[in-house]
Amino acid sequence: MMKSFLVGCGAGFSGDRTDAAAPVVKTLIERGLPSAIIFENLAERTLAAHQLTKRARPDLGFEPLLELELEPILSDCLKHNIVIVGNFGAANPRGAAKFIKALASKLKLNEPRIAVLEGDNLSDQDSKPLLKEQLGDSFDEENFVCANAYQGAREIAQAIKGGAQIVVTGRVADPSLTLGPAMAFFNWREDNWDCLAGASMAGHLLECGAQVTGGYFSDPGLKDVPNMENIGFPIAQIFEDGSCIITKADNSGGLVDVRTVKEQLLYELHDPSAYITPDVVCDITNATVEQVGHDQVRLSGVIGHPRTASLKANVFFDGGWFGEGEISYAGPNAEARARLACDILQKRMGKYMHLRFDLIGISSILGDDAGRMLSRHSAGQNLDVRVRVAAQHTSQQVIDLLLREVTALWCGGPAGGGGVRVAKRQRLSTQSCLIARDKLPASFHFYDDK
Amino acid sequence: MTKEILLYEIAHARTGDKGNRSNISLIAYKPEHFQILVEQITEQKVLEHFADRKPTKVVRYLLPNLGAMNFVIDDVLDGGVNDTLNLDMHGKSLSFHLLSMKVMMPL
C-alpha cells in the first residue's frame with residue numbers, strides 16, 4: 001500500500017459555513033492517517049478590503065470569522081496532530097497568530113506552535129518602486145491602495161517540518177495551502193514536478209470547499225445532490241506519487257462523483273496544459289478522473305513542468321464609487337411602468353454618468369453594460385418586474401444623487417412602485433503583474449509575543 | 001436523420017473568472033457525445049452565442065480523457081468583477097447560457 005496523507009478543507013472562502021470544519025476533523029481522526037486541514041479565506045477583493053481594515057485598526061485585517069472557524073476544531077487538531085494551514089492571516093498574519101494564541105489560552109489548551117508566513121505584502125513605501133517598474137505609467141500612485149504577491153508552498157512545508165502546528169499565511173496561491181503540508185509529509189524535493197503538480201491539483205479541488213462535493217452543482221432533475229442542507233466538505237487522500245482520491249466528511253450530504261470533480265478541476269483554469277502556480281506548472285491534458293468507490297474519485301496522470309521565474313502580484317487602486325438601486329412594479333402594465341421608471345432616471349441622471357438598466361425577470365444578466373440586449377427586447381406583458389439601475393463614479397456625492405433619484409420614484413415615479421432598495425460601495429480597480437521571484441523572498445517565523 | 005436539442009441535455013458546465021476573462025468548462029455526460037461537442041460547439045459558434053457580451057476572442061481547449069473542453073472567453077465581463085455594473089459581476093451564470101446552445105443529434 002502506497003503511503004498517503006489526508007488534507008481536509010474547512011472553508012472555501014471568507015464567510016463560508018463555520019460548521020463545516022468539525023465533521024471534516026472528526027473524519028480525519030477516524031481515518032487515523034497523518035493529516036492537515038486547510039482554510040481558504042481570500043478572494044482577490046477580500047484581501048484588499050482587509051488591507052483597508054488594517055489601516056484603520058492595526059490589530060485587525062485578518063479573517064473576521066477566525067474565532068468561529070477555529071474554536072470548534074482547535075482542541076481536536078492539536079490533540080491529534082492535525083496541522084492547520086490557513087490564509088486567514090490576510091493583511092495581518094501576525095495579528096491572526098496573536099489572536100489564535102489568545103483563543104487557545106481561552107480554551108485552556110497548551111500553547112500551540114504557530115508559524116507566520118511573510119513576504120507577500122507589497123503595500124508599503126519600499127515596494128512602490130518595484131510595482132512602478134512593472135506597471136510603468138499605469139501605476140497610479142495617487143490612488144494606490146495595496147498590493148500582494150502570491151507566495152507558494154515551500155515556506156509552509158518548511159514551517160511544518162520545523163514543528164508548526166498552525167501555519168498562518170497572507171496571500172499564498174490557493175493550491176499551495178494543500179501542497180505545503182503534503183510536501184512536508186512526503187519530503188518531496190522542490191523540483192519533483194509531477195508530485196508537486198499532482199498535489200497542487202488536489203489542492204485546487206479542495207480550495208473552494210463544497211464546490212467539489214456537490215455544491216455549486218445541483219440542477220434539480222438532472223444533477224440531483226442529496227441532503228444539500230448538510231453538504232460535507234472535501235478531504236483529499238494524497239499519495240506519494242502525487243495522485244489523490246477525493247472524498248468528503250462522513251455522515252454528511254452532498255456527493256463526490258466524476259461530474260463534480262471534473263467541473264471543479266476546470267474551474268478558473270485557462271490552458272489545461274499550463275496551470276501556473278508559484279510552485280509548479282501543472283498539466284492536466286492527460287489526467288484521468290475515475291470513480292473508485294461511493295463518494296470517492298481518483299485524480300491521476302497530472303504532469304508537472306518547472307515553475308516559472310516570476311510570481312504574480314495583484315495591485316489595487318481606489319476606483320471611486322459604485323451605486324445601485326431597485327424598485328418593483330406588479331400587475332397589469334407593470335413592464336410599461338418599469339420601463340417608464342428607467343426613462344425618467346435616464347433623463348434626469350444620464351447626463352452625469354453612464355447608467356446600466358436591468359429589468360429583473362426579463363433581462364438582467366446576459367446583456368452587457370451598454371444595455372444592447374434589453375433595448376432589443378420589445379415591451380412585453382410581464383406582471384412582476386423589478387427595475388435595477390447601476391452606475392459608477394469617482395465622486396461619492398454623484399452616486400448619492402443617483403440613489404436619491406431612485407428613492408424619489410416612490411412619490412414622483414410611475415404608479416404602484418414599491419420595494420425601493422439602494423446600496424453603494426467603494427470600488428477597487430485591479431491590475432496584475434509578474435515580478436521576478438528573487439525580488440520577493442518569502443519567510444516564516446514562529447510567533448512569540450513575549 | 002438528426003434532431004435539434006439543447007446542449008444542456010447532453011453536457012454540463014461551470015464558469016470561473018479571472019479579471020475580464022471568463023472560462024467555461026463543457027463536459028459531456030456520456031463519452032460518446034464528446035465528439036458531437038467537438039464538431040458542433042466551435043470557437044466561432046461560442047463567440048456568436050455570447051455576442052451580447054462583446055467577447056473579443058474565444059479559445060477552446062480539448063480534454064478528450066475527461067470528455068470535456070474548456071472555453072476561455074476574453075473581454076466578456078465588462079471589465080471584470082471590480083469594474084462591471086452587471087448584477088452577476090463574475091459572470092457565474094454564463095455557464096447555463098452556454099448550455100442553451102443547440103446541437104444536432106443523430107437519431
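Figure 1. B:V103 is buried, because 21 other C-beta atoms lie within 10 Å, and 20 or more count as buried. The model is predicted. B:V103 sits in strand β6 of chain B, which covers residues 102-106. Leaving aside residues up to four places away in sequence, B:V103 touches B:I5, B:L7, B:I10, B:I36 and B:Q40. One of these residues, B:L7, is 96 residues away from B:V103 in sequence. In space, B:V103 and B:L7 are 5.8 Å apart, C-alpha to C-alpha.

**Figure 2. The contact between chain A and chain B.** Chain A gives 36 residues to the contact, and chain B gives 28 residues. On the side of chain A that touches chain B, several elements supply at least two residues each: α10 (258-265), β11 (288-293), β15 (356-360), α12 (372-376), β16 (384-393) and β17 (418-436). That side of chain A has 14 charged, 12 nonpolar and 10 polar residues.

**Figure 3. The two domains of chain A.** Chain A is divided into domain 1, residues 4-308, and domain 2, residues 319-429. Taken over C-alpha atoms, the centres of domain 1 and domain 2 of chain A are separated by 39 Å.

**Figure 4. Helices α8 and α9 of chain A.** Helix α8 of chain A spans residues 174-186, and helix α9 of chain A spans residues 193-206. Their axes come within 7 Å and cross at roughly 135°. α8(A) and α9(A) are therefore oblique to each other. Their crossing is right-handed. On the α8(A) side, the residues that meet α9(A) are A:D174, A:P175, A:S176, A:L177, A:T178, A:L179, A:A182 and A:F186. On the α9(A) side, they are A:C195, A:L196, A:A199, A:S200, A:A202, A:G203, A:H204 and A:L206. By class, the residues of this contact are 10 nonpolar, five polar and one charged.

**Figure 5. Helices α7 and α8 of chain A.** Helix α7 of chain A, residues 154-161, also has an axis that comes within 7 Å of the axis of α8(A). The two axes cross at roughly 45°, and α7(A) and α8(A) are therefore oblique to each other. The crossing of α7(A) and α8(A) is right-handed. From α7(A), the residues A:I156, A:A157, A:I160 and A:K161 meet A:S176, A:G180, A:P181, A:M183 and A:A184 of α8(A). Six of the residues in this contact are nonpolar, two are polar and one is charged. A:S176 of α8(A) meets residues of α7(A) and also takes part in the contact of α8(A) with α9(A).

**Figure 6. Buried residues of helix α1 of chain A.** Helix α1 of chain A covers residues 21-31, and its buried residues are A:A21, A:P23, A:V24, A:V25, A:T27 and A:L28. An α-helix has 3.6 residues a turn, so residues three or four places apart point the same way. The buried residues of α1(A) pack against β1 (4-11), β2 (35-39), α3 (66-70), α4 (74-79) and β7 (234-239) of chain A. After α1(A) comes A:G32, with a positive phi near 70°.

**Figure 7. Buried residues of helix α2 of chain A.** In helix α2 of chain A, residues 44-56, the buried residues are A:L47, A:A48, A:A49, A:H50, A:Q51 and A:K54. These buried residues pack against β5 (144-149), β14 (310-330) and β17 of chain A. Strand β17 of chain A also supplies at least two residues to the side of chain A that touches chain B.

Methods:
Residues are numbered from 1 along each chain as its sequence is written. Chains are lettered from A and ligands numbered from 1 in the order in which they are written. This is a predicted model: local features need pLDDT of at least 70, side-chain atom pairs count only at pLDDT 80 or more; totals for chains, interfaces and linings use all residues. Two residues are in contact if their C-beta atoms, placed from the backbone, lie within 7 Å. Helices (H or I, at least four residues) and strands (E, at least two) are DSSP runs, numbered from the N terminus. Ala, Val, Leu, Ile, Met, Phe, Trp, Tyr, Cys and Pro count as nonpolar, Asp, Glu, Lys and Arg as charged, and the others, Gly among them, as polar. A residue is buried if 20 or more other C-beta atoms lie within 10 Å of its own, exposed if 12 or fewer, and partly exposed in between; C-beta atoms are placed from the backbone. Domain bounds come from an automatic or database domain assignment. Axes are lines fitted to C-alpha atoms, for helices over the stretch in contact, and angles run from 0 to 180 degrees between N-to-C directions. Angles under 35 degrees count as roughly parallel, over 145 as roughly antiparallel, 65 to 115 as roughly perpendicular and the rest as oblique. A crossing is left-handed if the near helix is turned anticlockwise from the far one by less than a right angle, and right-handed if clockwise.
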